[in-house]
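Good morning, and thank you for coming.

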Amino acid sequence: MLRVEKIHKSFDDFKAVNGANLTVEKGKLVAVIGPNGAGKTTLFNLITGQLKADQGKVIFNEEDISSLPPYKICKRGIARSFQIANIFPRLTVFRNVQVSVLSQQEKSRKLFYPAKKLAVEETNSILESVGLSDRAGNTAGSLAHGDQRALEIAIALGNKPELLILDEPTAGMSPEETTATIELIKRLADSRELTILFCEHDMEVVFNAAQSIMVLHQGLTIIQGEPDQVRNSSQVQECYLGGAEPC
Amino acid sequence: MFKGTFSLKSLILLGAIFFVLLILPSIIPRFYTYILAVIFVTALVAMSLNMVVGHGGLFQFHHGAFYGVGAYTVALMLTKTSLPIWVCFVAGPIMAALVGLLIGAFCVRLTRLYFGMLQISLGSLIWAIAFRWYSLTGGDDGMHGIPIPSIISSSKGAYYFALIILAICIMVIYLIFKSPFGATLQAIRDNPDRCEAIGVNVKRHQLIAIVIATFFAGIAGVLFVVVEGSVFPDLLFWVFSLEIFIMCLLGGWFTFAGPILGAVIMVSLRTFVGIYTEYWTLILGIILILLIFFLPEGVWGYVLEKFGSRHKEAIEKGSK
Amino acid sequence: MDIGQAFTFSALGSQFLVGLSRAMILFIVSAGMSFVLGVLRVPNIAHGSLYMIGAFSAFSLAKLFGGGSGGFWLALILAPFVVAIVALVAERSLFCHLYEREHLMLLLFTFALMLILGDLVKMFWGADYRSIMAPEALQGSVSIMGSPFPRYNLFLLIIGPWVGVGLWFFSNKTKIGKIARAAAVDREMVGAIGINVSWVFAFAFVLGCFLAGLGGALVSPMVSVSIGMDHDIIMEAFLIVTIGGLGNMWGALVGSLIFGLTQAYGVLFWPQFAIVFPYIAVVIVLTWRPRGMLKSVW
């Protein structure tokens, strides 16, 4: 479904992504792991259009989306959540998700119809599936950190994506919250027939949940494969035990 | 379309206010009727600006340019051509929106401060041309004695004309505010990058908002000509644009009706302070400083917060 | 002046120098504004008011010191300091409390300051036009390329570059200048290494305003000193800084040259619309390079 081929991105002198490759098959739960600074968020930004690659391609459903702006990529069926809660602080929780649904329904520019009557069912169902129904009327900015992360995911779901990309969905969470979030992600994958790509640096989390794992180190793909493959790969063990040495 | 947009209580309140405004000219002196008409015009400009600033998050620093374009267009057409009145009146907002589209398309490529500074540059160009083209626009003196049809040129006539147009415009702006377009615009204000990520073409959306807002500014410009019978290059000058900005801030720019309140306060203060002292600008500066330090949400914003929190407390107490 | 006369070498050359000398004043004022913009990231709308105070102070100081040549020189030296003091008072009493707030609030504060200072000038000096005499040495004109050229303008052509050099030296070679430049790029970092960022800002603001005052004092013999000076210059400085590149001193120079020269030639070719020419130049530059011609400091 999604293929990233030999992608490069530099910021002035710093090579953030150095020829990474990634394959995501439809219906699977794929994870990208790597230590902090490995280039995971940069890679995601390259996929979803916030950044333009210096070299390489991003191909989605056989279409080259490398040079498209973010909003067009979203319309193609990719939705994304961000590492730092990237919500609409002054709007209510309900409105946060509704805006996303309206965008997907191509109703963002409707001028003379009360918004509160549109997309109500879809919005409520999404809020329920992430557990925020009881806080729908609260201002998004006033939510607790964990709830804001849930809202993050809810906003992305509003786009009815084929591929959902989650950037460090469990960042800053306690072990209980982490487990709950991973369960949520697995549930969403099943109930909404989503393909999910996420990144993490907590390996336990990843090995329990993902069906395919790509290991990223200093902007380069070390290996991509099933959890056992990756766990047993000598390259990976070297990388993580050897420290900052390039592999 | 309208059902469910307004609650019964607020409809009654609005109806009452409207009724009072309707009968006022018969009981108050002519001077106050004139001042109220000026307030109506100013309120419309402020509301139109707030559409892009408070609800859109754009640094529209030279909104007055569009107001002035609307006013000058109608003034020029009324004095130099013999086209029917209604054509001239409609041409004002259309011209303003066209200029808005042109300038907006230029500026929307940039963000925040650059947007604001580019807009001031382009708006000042318009001001400079109007200021110097003496033969066409009367330059520094402006244009006076513009032929307005007598039904609306009298003090009461202008008042009612402005009131009715203002009421219609506010209703339309409210509908837009409550529509998906308005909701998305506010989302763009809060987080434009996130909107891009959920599939919104942010630049196009902002541009449409600018065109709508400048259209209303143009309408306000037409009203200005009707109420004053003249037009001045000051309308196009950036200082005036910043004053409109202050009105929105004063009233509360995250609220819907805040700018109206801001316009009421500013025009009233300017008129009455002006009677006692020639240093109105000094007072305005002090008010602005007080606002920045103590009331950044504006007067109405502050009121809403106070009542909003009390309302919430009451609910919580009641449910225990 | 008909077109035939306008195109003589002498007229073109002389207008070039006029434009250049006007550009020097614009440069001094907008370099100050650019400096503040670079460090505080806020355009100082009150910059024009401080320029105006510089001019009025020069007038009063010159009168105080007898009105002759000596009086003028003393006024020229002291007026910018008067302005600097005004700026410091405004900054320490009110402005500095806003540094944590969003930039829009800072910008609105400078607008409020402009409104207040404008009326204070009116209160203190009244609404009449004032004029200052240039010192004897700088009165009258010299003949350059066959056209008369005011000596005072020549003086400006000499002073302008020195101010530029001084500012450059100051930003790049002195410790405090370098700190200010660092704060422009990353204020958190500067704070993290133990420097009081608030004082850095105070310093940058005062320096920028000092230059505005200097510009005002320098221009005082050339124009009628009156209220309303602030509105005119601030728009020009604003545009110059926008086309030059925000915070960039060389940009301010380039922008000032464009402004001064287009206006001078505008006067030659189409006097009625002379003031429109710089604006058109601005539109052209911004279409081609929306972020200004030179790199902005951030």
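**How the chains meet**

I begin with chains A and B, where 33 residues of chain A are in contact with 26 residues of chain B. Please bear in mind throughout that this is a predicted model. On the side of chain A that touches chain B, the elements that give two or more residues are α2 (70-75) and α3 (93-104) of chain A. Helix α3(A) provides the largest share, 7 residues. Sorted by class, this side of chain A holds 16 nonpolar, 9 polar and 8 charged residues.

Let us turn to the contact between chains B and C, which takes 27 residues from chain B and 30 residues from chain C. Three helices of chain B, namely α5 (112-132), α12 (238-251) and α14 (280-294), each supply at least two residues of the side that touches chain C. Which of them gives the largest share of that side? The answer is α5(B), with 11 residues. By class, the side of chain B that touches chain C is made of 21 nonpolar, 4 polar and 2 charged residues.

Chain A and chain C, by contrast, do not touch, and their nearest C-alpha atoms are 15 Å apart.

**Chain B as a whole**

Chain B contains 15 helices and 0 strands. Its C-alpha trace spans about 70 × 50 × 45 Å along the principal axes. A compact globule of 320 residues would have a radius of gyration near 20 Å, and chain B agrees with this because its own value is 20 Å. Of the 320 residues of chain B, 55% count as buried. Among the contacts in chain B with a separation of 6 or more, 78% are between residues 24 or more positions apart.

In soluble globular proteins, nonpolar side chains tend to be buried together. Here, the largest nonpolar core has 287 residues, and those that touch the most other members are A:Ala154, B:Val41, B:Leu44, B:Ala162, B:Phe216 and C:Val83. Helix α11 (residues 202-228) of chain B contributes the largest share of this core, 17 residues. From chain A, the core draws at least three residues from each of domain 1 (1-77 + 161-247) and domain 2 (86-160).

Let us take one member, B:Val41, as an example. Leaving aside residues up to four places away in sequence, B:Val41 touches B:Ala162, B:Ala220, B:Leu223, B:Phe224 and B:Val227.

**Two details in chain C**

Strand β1 (residues 141-144) and strand β2 (residues 147-150) of chain C pair in the antiparallel sense over 4 bridges. C:Ile144 has C:Ser147 in β2(C) as its bridge partner. There are 2 residues between the strands of this hairpin, and C:Met145 takes a positive phi near 50°.

The second detail is C:Gly38, which is found in helix α2 (residues 9-40) of chain C. Is C:Gly38 buried or exposed? C:Gly38 is buried, because 27 other C-beta atoms lie within 10 Å, and the cut-off for a buried residue is 20 or more. C:Gly38 and C:Trp199 are 161 residues apart in sequence and 15 Å apart in space, C-alpha to C-alpha.

Definitions and conventions
Residues numbered from 1 in each chain as written. Chains lettered and ligands numbered in written order. Predicted model: local features only at pLDDT ≥ 70, side-chain atom pairs only at ≥ 80, totals over all residues. Contact = placed C-beta atoms within 7 Å. Nonpolar A, V, L, I, M, F, W, Y, C, P; charged D, E, K, R; others polar. Rg over C-alpha atoms; globule rule 2.2 N^0.38 Å. Buried ≥ 20, exposed ≤ 12 C-beta atoms within 10 Å, placed from the backbone. Core = buried A, V, L, I, M, F, W, Y, C linked by C-beta atoms within 7 Å. Domains from an automatic or database assignment. Pairing = 2+ DSSP bridges.
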